[in-house]
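Let us look at a structure together and work through some of its side chains by question and answer.

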Amino acid sequence: MGLGFGVGTRTAGQGARGWKAALLTARRLRRSLLALLITAAVVLPLSAAAHPRIPAPPPAVLAPLTASTLDDAYAANRANAAEASRMAEAHGDRGRAAVDRALADPSRTLLAFDGRGSGRATEVFGDLAHADRIAVLVPGSDTTLDTYARFRATATALYGQLARHAPKGARPAVVAWLGYETPVTISTTVLTPTRADQAAPKLREFIRQLHGITARQAHVTLLCHSYGTVVCARAASAGPGVDDIAFVGSPGTGVDSAAALHTSARVWAARGGDDWIAEVPHVSADLFGTTVGFGTDPVSPAFGARVFAAGDGGHSDYFTPGSVSLANLARIVLGDTSEVTRA
């Protein structure tokens with residue numbers, strides 16, 4: 001109690017100096033933490049960094065994607081996945097062979113497939129050629145062909161929600177876009193925008209292709225998770241083509257505000273109550289000549305996004321069936337924005 005009274009009797013000048021000192025200390029601690037994260041990221045993943053190179057054919061050569069060439073593209077990519085499965089099996093990688101074999105199933109609709117290395121895949125759910133509401137899912141770290149089933153589950157959950165709640169006459173579709181090499185969660189790469197800078201032009205080109213496929217002007221929403229929010233932010237300034245962008249579980253986007261994205265799209269953001277990403281310092285620093293960290297928290301008032309409710313879920317729960325976050329994401333995709341519940 002004596003300590004409390006002592007603080008209370010400080011002069012206004014002393015109090016102001018104390019607060020400034022505390023803020024400076026907090027900033028130093030955050031920068032120190034970023035440096036510590038870099039050190040840990042360099043040391044910890046070395047034992048797991050080496051992934052054996054898995055042989056696979058180069059991607060199928062496709063005609064320009066249009067509504068009339070979709071079926072041919074799907075067939076060519078399934079055939080490529082089947083060949084990749086045979087090559088992985090011969091190489092002794094039964095796990096990858098099983099993943100590729102599943103992707104080669106006649107029911108799968110792949111806009112793109114590349115079985116080499118960590119792998120790439122772009123899969124469609126719904127009738128893309130006639131869709132008027134399209135959601136493009138952009139994943140975060142540790143998403144590869146080997147973990148693709150988990151990413152696909154988010155797409156199927158979203159498509160199910162859209163199909164159940166779409167108004168009469170609406171034609172929703174979902175695209176799971178694993179179109180870039182995602183960083184490993186425990187690595188230096190996940191702390192920098194390098195992979196996002198590489199991915200952004202590919203995402204922009206894909207959005208352009210989407211509008212060439214759809215029979216009419218479709219409303220396109222980017223739903224971006226974790227490190228995928230950095231990718232979307234880098235691609236956002238490409239011009240018209242995207243109507244809504246939603247950031248969920250974001251470590252920061254690399255810009256200070258929604259306005260700094262230079263996009264005409266509506267910008268949304270959410271974070272679940274049990275998402276560990278809230279503990280990541282939302283700062284950006286130049287360390288060893290590299291930009292580390294992604295700056296302003298997208299759910300903060302300073303960022304200026306439309307913040308919506310995501311319930312009490314964790315970092316991997318945004319697309320859980322029956323969740324608040326999935327319901328709100330579907331409303332955004334369907335344009336039912338007045339029904340989106342705010343945080």
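This is a predicted model: local features need pLDDT of at least 70, side-chain atom pairs count only at pLDDT 80 or more; totals for chains, interfaces and linings use all residues.

Tutor: Residues are numbered from 1 along each chain as its sequence is written, and side-chain values use heavy atoms, with hydrogens and water left out.

Student: Is Thr-229 buried or exposed?

Tutor: A residue is called buried under 20% relative accessible area, exposed over 50% and partly exposed in between, using a 1.4 Å probe and protein chains only. The relative accessible area of Thr-229 is 0%, so this residue counts as buried.

Student: How are the rings of Phe-247 and Phe-303 arranged?

Tutor: Rings of Phe, Tyr and Trp (its six-membered ring) pair if their centres lie within 6.5 Å, and planes under 30 degrees apart count as stacked, over 60 as edge-to-face and the rest as tilted. The centres of Phe-247 and Phe-303 are 6.4 Å apart and their planes stand at 75 degrees, so the pair is edge-to-face.

Student: How far apart in the chain are Phe-247 and Phe-303?

Tutor: Both Phe-247 and Phe-303 are buried. The pair links distant parts of the chain, and the separation is 56 residues.

Student: Which residue has its charged end over the ring of Trp-268?

Tutor: A charge sits over a ring if NZ of Lys or CZ of Arg is within 6 Å of the ring centre and within 35 degrees of the ring normal. At 5.4 Å from the centre of the Trp-268 ring sits the charged end of Arg-306.

Definitions and conventions. Helices (H or I, at least four residues) and strands (E, at least two) are DSSP runs, numbered from the N terminus.
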